[in-house]
Amino acid sequence: MVRAAVVVSITIAAAVSGVGNASGEPVNLMPFPDRLHTGIDSMIPAPDIPRLDSIPARSVVPGASRELQELREAIMPSPSGDPFFDVWPRGLEQRRPGEIITSRDVASVASEVLEVQVGYARQIKFATRDAKDRPLFATATLFVPPTKWTGPGARPVMVNNPPIVALGTRCTTGYTLAHGKTDDTNNTDLRPPTTQDSLEKGYAVIVPDHTGARMAYAEPYVAAHVVLDAIRAAEDFDARNFANGPVAMLGYSGGAIATNATAKLAASYAPDVADRFVGAAIGGVPADYRALAGAMNANLATGVFHSAILGIARERPELLPLANNVAQWLATIDFFKNLCTGKMGYMGFSFVPTQVLSNVPDPYQSPVAEEIFDITSMKDMPAAMPVFIYHGAQEWWIPASQARALHAEQCRLGVNSTYREYPGEHMITVFTAFEDAMGWIEQRLTGNVPQSGCAG
């Protein structure tokens, strides 16, 4: 597999630099995009996708060709070795969203990783729905502090949506909380200390693995479904601590995708949960994938952006026919389809544009891509709760214009929205704005309604 990856990389470089013409001289491909794609597929054959006796439940695409479904299975994350995450439950279609399938104690590992004392830490596996509203399962970790709640009313609930910027199950937050730190652990699973500070304040905490069972990084609908069904499952698991108090959530970057989507889908997908929300803090949000296609393509963000495309394709396989042979090779190699945050960042040094990985001249102008851009933008959906939107003023990959536009949209839709910018780029703002974001959340959980930042 490593050898295959090297061969693919070398051939990409050859294709980008030029394809030989009849005289053997390289040609400039940029004015002739059709030749670029023809040249790449002529040099690299399609990967040998395993033929399957039956399509696993996670990869079934009703009405699609067997070849497409086999390709979908080939791009799925490799088993983590932990059945809690790996095993697709039987009879999932018979379970209601939020229904608990199984649970386990992870306190000894999770408390050590977080460096805090806990009353308990339990992981739950529950039914949810995927981006196409079909049966899926997901996981989440529930924390309760070691002390009784002494504040007014029922114990508040904090939903921490960490930035799960990952394609492999072993680098999701739940895996770290169950197995401890590894080379694949994303530091932002643990810092800033959202979970730790919330426990110290006496809140119950839910940490959803919001990419779902397919590790569909950056797909907003499945993320929202997972978060909302994690709350439903927590209510059933421990009603005293999770079913009665006010609920707030915080998410940054990849976690902001989940938080923004949850805020917008709560009323329609989970009206039973929506009324409990008192606020959502949304930081560094990638709100407009169409804009990101220009800001993150063919630069140091390329690895992250292409990983997001693969994550979304796991839930929306209609994207897969756009992948040329190179893209199929990369998406089916264990190393690439299980990327975690750190290695994903290293892939940016390739500077490979998306156009080199597609079998059409401009994949971003294709009808399928345009449809995905429209769907994932979640345009004109009002949040079901007050929102605190914050962003780095010097962001270059995720421009602040996206966050400003989101704030303006929510104001136009009548939502109580606050917007703030902080000096710095993406990885600085996550820390410099943390205290303000947590302070805003605390005010919501103590019953204070925020003053709207909307003009007029």
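**Reading the contacts of one residue**

Tutor: Let us begin with a single residue and its surroundings in this predicted model. Apart from neighbours within four places in sequence, threonine 332 is in contact with Pro47, Ile49, Leu71, Ala74, Ile75 and Lys337.

Student: In which helix does threonine 332 lie?

Tutor: Threonine 332 belongs to helix H14, which covers residues 325-332. The side chain of threonine 332 also reaches the backbone oxygen of tryptophan 329, at 3.2 Å.

Student: Is threonine 332 buried or exposed?

Tutor: The general idea is a cut-off: a residue is called buried when its relative accessible area is under 20%. Threonine 332 has a relative accessible area of 15%, so it is buried.

Student: How many of the 8 residues of H14 are buried?

Tutor: In H14, 7 of the 8 residues are buried, so the helix is largely enclosed by the rest of the structure. Those buried residues are Asn325, Val326, Ala327, Gln328, Leu330, Ala331 and Thr332. At the start of H14, a side-chain oxygen of asparagine 324 comes to within 3.2 Å of the backbone nitrogen of valine 326.

Student: Which strands pair with S7?

Tutor: Strand S6 (residues 247-252) runs parallel to S7 and is joined to it by 6 bridges. Strand S8 (residues 387-392) also pairs with S7 in the parallel sense, over 4 bridges. To locate these pairings in the model, find tyrosine 252 opposite glycine 283 in S7, and alanine 281 opposite phenylalanine 388 in S8.

Student: How is a salt bridge to be read?

Tutor: One looks for oppositely placed partners: a side-chain nitrogen of Lys or Arg within 4 Å of a carboxyl oxygen of Asp or Glu. By this rule, the model has 23 salt bridges. One of them joins the side chains of glutamate 70 and arginine 51, at 3.1 Å from N to O. Glutamate 70 lies in helix H3 (residues 66-74) and arginine 51 in the loop between helix H2 (33-43) and H3, so the pair ties together parts that are 19 residues apart in sequence.

Student: Are glutamate 70 and arginine 51 buried or exposed?

Tutor: Glutamate 70 is buried, at 3% relative accessible area, whereas arginine 51 is exposed, at 59%.

Student: Which residue forms a salt bridge with glutamate 73?

Tutor: The side chain of glutamate 73 meets that of arginine 58 in a salt bridge of 3.0 Å, N to O. Glutamate 73 is in helix H3 and arginine 58 is in the loop between H2 and H3, so this pair ties together parts 15 residues apart in sequence. Glutamate 73 is buried, with a relative accessible area of 16%.

Student: Where are aspartate 374 and arginine 290, which meet in a salt bridge?

Tutor: Their side chains meet at 3.2 Å, N to O. The pair links distant parts of the chain, with aspartate 374 in helix H17 and arginine 290 in helix H12 (residues 289-295), 84 residues apart. Aspartate 374 is partly exposed, at 48% relative accessible area, and arginine 290 is likewise partly exposed, at 35%. Elsewhere, salt bridges that share partners join Arg51, Arg66 and Glu70 into one network.

Student: Which residues other than glycine have a positive phi?

Tutor: Glutamate 115 is one of them, with a phi of about 60°, and methionine 378 is another, with phi near 50°. Glutamate 115 is exposed, at 58% relative accessible area, whereas methionine 378 is buried, at 2%.

Key
Residues are numbered from 1 along each chain as its sequence is written. This is a predicted model: local features need pLDDT of at least 70, side-chain atom pairs count only at pLDDT 80 or more; totals for chains, interfaces and linings use all residues. Side-chain values use heavy atoms; hydrogens and water are left out. Two strands pair if DSSP finds at least two bridges between them. Helices (H or I, at least four residues) and strands (E, at least two) are DSSP runs, numbered from the N terminus. Buried means under 20% relative accessible area, exposed over 50%, partly exposed in between (1.4 Å probe, protein chains only). A polar contact is a pair of N or O atoms within 3.5 Å; within protein, one must be able to donate a hydrogen and the other to accept it, and residues adjacent in sequence count only if both atoms are side-chain atoms. Contact means heavy atoms within 4.5 Å.
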